[in-house]
Amino acid sequence: MGRCVIYLQAVGTALGYALSVVLVDTLYVSRHVLDPGMAFGYSFCLVQGGIISLLLVLSVVIKYVRHRRERRWEKLRPSILEKASAHLSGNDSTADLLAIQRRHPVEVERSIVELLCCVQGTTRAHLSVLAADLGLIERWREQYRSMRLSKRREAIGWLGRLVHDEAIPVLLRALSDPDDEIKLEAARSLIRSSGDREIAEVFRTAVRESLLIRAVLTEALRAHAAMLCRNVLPGELASPTAKHVRTALEIVRAWGKMLPLPAPEPLLRHEDAGVRVAALAILPQYGDAAEFGPEIVRLLGDADEKVRAAAAQTAGRLHLGSAAEALHACLLGDGADAVVAAAYALAQIGQAGWRMLEKEVLGPRRASASAALEALEQLKSERLLMVAL
């Protein structure tokens, strides 16, 4: 969509330029220059010179306006900040600020924004109430409806600094904005200053958004991981869309800590292989993951190679000795990833696994022997490193 707009703008500019040359040639130059080629050349030069002159005049005017605005801001800024600071100290200055705002709305808004960037806690909450009294919150809510991306970004940036209920509906709506930067700013603002319901919406957004947004929000949501796992995660894991279930499990895995997670058995038996893989990956984050040993052993014989590999990796991480025979069968099976994962898992579970690997190194199966030798060499290197340390 963005490229189409750019192409259309380029075509429109070219057509407008060509039309201007034709009009100048038809209405003026051709009446004074008889040669058509010469007339068209003069028309082109006149249009070019006119555009350059217009751009120069616009540049001068814009700079002059900005200069006047900055001078006015420097003059009014101390007075506005003084009254706003007095208001935050307990002296009601709303009427004075409204009087200044009627004459200089831009300067008052700029001052409030400057203060919002400097204060925290209860002071920011009081300043947010003042912004509402001055009509700034409503103005920023209207500004977010703009078609211009820069205006919407600015509005969400200011609303995100407020501690006020009127800002929350707009921030929630911004979670569905087409611009990723606006989504992230709104999400971070909701996490920073909102309640569990809004944080739950941010989590649902992370589950359904791109990898970039998910990576940023996963870290931002880490402090609320326990609440989300208790109240929100079960609903996401019950989603009929396998992709959403996988993504939710990947976020939990990225948090990398023990959490109050729902029972994994339905996920370990899910029809989607990707969900089974993701569920296996979070088993070490349960309080007593060894109780899921029978499920891991069962999945070591799964028809999908990725599931077998994930089951082997989980068995190794849990040092699951009861899975030794199933891991050995997986080592002798098909699929390079599963074979290698089974070999490394046998190296992790203890002496029973080591003996199986040593025996397999001399076996007739080249793939299994190679994976067993690699796992034993890795184990030997790690033990030598531990001795050296």
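Is arginine 276 buried or exposed in this predicted model? With a relative accessibility of 11%, arginine 276 counts as buried, where buried stands for under 20% relative accessible area, exposed for over 50% and partly exposed for what lies in between, using a 1.4 Å probe and protein chains only. Residues are numbered from 1 along each chain as its sequence is written, and the side-chain values rest on heavy atoms, with hydrogens and water left out. Since the model is predicted, local features need pLDDT of at least 70 and side-chain atom pairs count only at pLDDT 80 or more, while totals for chains, interfaces and linings use all residues.

View 1. Helices are DSSP runs of H or I with at least four residues, strands are runs of E with at least two, and both are numbered from the N terminus. The side chain of arginine 276 makes a polar contact with the side chain of aspartate 302 at 3.2 Å; such a contact is a pair of N or O atoms within 3.5 Å, of which, within protein, one must be able to donate a hydrogen and the other to accept it, and residues adjacent in sequence count only if both atoms are side-chain atoms. A polar atom of the arginine 276 side chain also lies 3.4 Å from the backbone oxygen of glutamate 271. Leaving aside neighbours within four places in sequence, the residues in contact with arginine 276 include Leu267, His270, Leu299 and Val307, contact being heavy atoms within 4.5 Å.

**View 2. A salt bridge between arginine 246 and aspartate 272.** Here the closest N and O atoms are 3.1 Å apart, and a salt bridge is defined as a side-chain nitrogen of Lys or Arg within 4 Å of a carboxyl oxygen of Asp or Glu. Arginine 246 belongs to helix α14 (residues 242-255) and aspartate 272 to the loop between α15 (265-268) and α16 (273-281), so the pair ties together parts that are 26 residues apart in sequence. Arginine 246 is partly exposed at 25% relative accessible area, and aspartate 272 is partly exposed at 22%.

**View 3. The aromatic pair of tyrosine 286 and phenylalanine 292.** The structure holds 2 aromatic pairs, counted where ring centres of Phe, Tyr and Trp (its six-membered ring) lie within 6.5 Å, with planes under 30 degrees apart called stacked, over 60 edge-to-face and the rest tilted. In this pair the ring centres are 5.2 Å apart and the planes stand at 75°, so the pair is edge-to-face. Tyrosine 286 and phenylalanine 292 are both buried.

**View 4. Isoleucine 168 in helix α8.** Isoleucine 168 lies in a helix that covers residues 168-174, and at 15% relative accessibility this isoleucine 168 counts as buried. Not counting residues up to four places away in sequence, isoleucine 168 touches Leu190, Ser194 and Glu198.
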